[in-house]
Amino acid sequence: MLRLRNAHISYSGPQILADLVKATPQIASSTRIALLPIYVLQLVLRWFLIAPRRLRETFRQYLKLLRTRRRSRVPRFYFADASANAVAAKVSITSSLLKEYCPSRLLFNGHLQTAYGAYGDFSSIDRVVYDSRKLIRLMDGGTLSLDFTPPEDERRIPDDTPVVVTFHGLTGGSNEAYIRSIIVPATAPRDEGGLGYRAVVVNFRGCAGTPVTSEQLYHCGNTDDARQALMYIAKRYPRARLIGLGFSLGANVLVRYLAQEGEESRLVAGCALGCPWDLKSVSYKLSNGAWIDRMYSRTLAHNMATLIKRNADKLANNPKLSEALPYLLALPSPTLWDFDRYYAYEEKAHGNCAFQSPGDFYRWASSHYVLSDVRVPLLAINADDDPIVRDLPLDVGGNPLVSLVVTRGGGHLGWFASENKGNLTRRRRTRWVKQPVLEWLRAVGEELAVDLPRGRPLCTNDTYVTEFGRPDLGFKEIDGGGKFRGETLRIEGTVLGF
């Protein structure tokens, strides 16, 4: 037996490759294997020789990326005035934005964060009791529901206490976990660590059990429903500061309302979380992207289709929608773009302007292009791995009143982080975004100098309360509602979290 010790064989990779290639025809003839062309075999063998080196390089790049992302977990800030003094002044009131956001280890990308927010069980946390639901009938026959908390029979708070006016996401409502995660600590008593504020969730037509009493639903470009809800809240609490808080589609409505009202806004400030900004970009990229993008698009379209099918008898009376309704009900698995091919520009005609395509409507309804018109402080927070929102207005419209914060991770309305206690799979996951939003609400609710009342004067006629200069907008309160727990409200057929 031949033994080799401390032997060094100088045999290079190309030599091994050449010998293998030369020996291949002989091996093939003896084994009767039909060979590929020699150059193809050379490519395959060369790949096997260099693959380990490529794997090592890829792994090193991955580790470098992890270290880079770990060092830059502090959110990025975008302001119109980038001077150091301006940045320091704006972020000082929300000091938690200067700290790192470290996503949960099990929810390490935007898809997992978004999925957990949609399918996670949050029924045992952030429990909230809403006061008797207030129903208001609008002049076009539609109905909105407003859920106030805390209940007046449980805790009396002064009438000048700030009110957090909340707008939910697509087909959402006051039962959404992302809403409860903010308004529960915002309305908790000060001696329990809360802000002691009052909060109200504006449920759009057909959402969260709100009855559909007209032939029209809400949409992402309609701010009149929010405007009339704010008229009711301002009449109910004329001495209170109203602070806007919007999530996803509700954030788009909030920003557009602030831009349209300008100096006459009834809201003294706003906070927009997960705002979609450029709706055309969102809908087109989700509907024409990879399979997972189309999955998000179909989920969102399914939620809207469920709402329409549930109220088809009322909506059939809408002449703008009656022709499109059969197509909507027949679509088996529509995307947002397919869905709005019939719905967006058929039903959502704005005044005398008829939209020729969903793209025209989306551009009109987007908040991306109106940021420059906002005249109150606005804080917007988005995640850089949001699978739904890709394009952000990093120039903030050149508006010094707007602050955009972009986090490293967080998904769409997720921002879950794990507490450093217990087993990794059993750790409680809290929403990191809660603390900076609460700090913002405290700052604008207590430190911001404002003149009250705000907005146009209200006028009362025989039936409706209207706004000066807008006789076509008005409301009246009707009977209905009742006290209920927000986490127990279930809406069949829709996916929560969006």
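In which sense do β5 and strand β6 (residues 198–203) pair, and over how many bridges? They pair in the parallel sense, over 5 bridges. This is a predicted model: local features need pLDDT of at least 70, side-chain atom pairs count only at pLDDT 80 or more, and totals for chains, interfaces and linings use all residues. Residues are numbered from 1 along each chain as its sequence is written, and side-chain values use heavy atoms, with hydrogens and water left out.

**View 1. Strand β5 and its two partners.** Helices (H or I, at least four residues) and strands (E, at least two) are DSSP runs, numbered from the N terminus. Two strands pair if DSSP finds at least two bridges between them. β5 runs parallel to β7, joined by 5 bridges. Val163 has a bridge partner on each of these strands: Arg198 in β6 and Leu242 in β7.

**View 2. The two faces of β5.** Buried means under 20% relative accessible area, exposed over 50%, and partly exposed in between (1.4 Å probe, protein chains only). In β5, 5 of 5 residues are buried. Val163, Val165 and Phe167 lie on one side, Val164 and Thr166 on the other. From β5 the chain passes through α5 to β6, a β-α-β crossover that is right-handed. That term means a clockwise path from the first strand over the helix to the second, with the strands pointing away from the viewer.

**View 3. The 12-stranded sheet.** The sheet is open, with mixed pairing. Its order is β1-β10-β9-β8-β7-β5-β6-β4-β3-β15-β14-β13. β1 (76–79) and β13 (458–460) are the edge strands, each pairing on one side only. Neighbouring strands are turned by 25° against each other on average, direction ignored. Axes are lines fitted to C-alpha atoms, for helices over the stretch in contact, and angles run from 0 to 180 degrees between N-to-C directions. β8 and β9 run parallel, with 4 bridges between them. Leu273 stands opposite Ile381 in β9.

View 4. Helix α16 (residues 434–446) has 13 residues. From first C-alpha to last it reaches 18 Å, close to the 18 Å expected at 1.5 Å a residue. The expected span is 1.5 Å times one less than the number of residues. Its buried residues include Leu438, Trp440 and Val444. The buried residues pack against β5 (163–167), α5 (177–187), β7 (242–247), β8 (267–273) and β9 (378–383). α16 runs at about 170° to β8.

**View 5. Gln228 in helix α6.** Gln228 sits in helix α6 (residues 224–236). Is Gln228 buried or exposed? It counts as buried, because its relative accessibility is 4%. Contact means heavy atoms within 4.5 Å. Beyond four places in sequence, Gln228 touches Ile136, Leu138, Met139, Leu473, Gly474 and Phe475. A polar atom of the Gln228 side chain lies 3.1 Å from the backbone nitrogen of Gly474.

**View 6. Arg454 in the loop between α16 and β13.** Arg454 is found in this loop. At 19% relative accessibility, Arg454 counts as buried. Its contacts beyond four places in sequence include Glu263, Arg266 and Val376. Glu263 is 191 residues away along the chain, yet the C-alpha atoms of Arg454 and Glu263 are separated by 8.7 Å. A polar atom of the Arg454 side chain lies 2.8 Å from the backbone oxygen of Ser265.

Definitions and conventions
A polar contact is a pair of N or O atoms within 3.5 Å; within protein, one must be able to donate a hydrogen and the other to accept it, and residues adjacent in sequence count only if both atoms are side-chain atoms.
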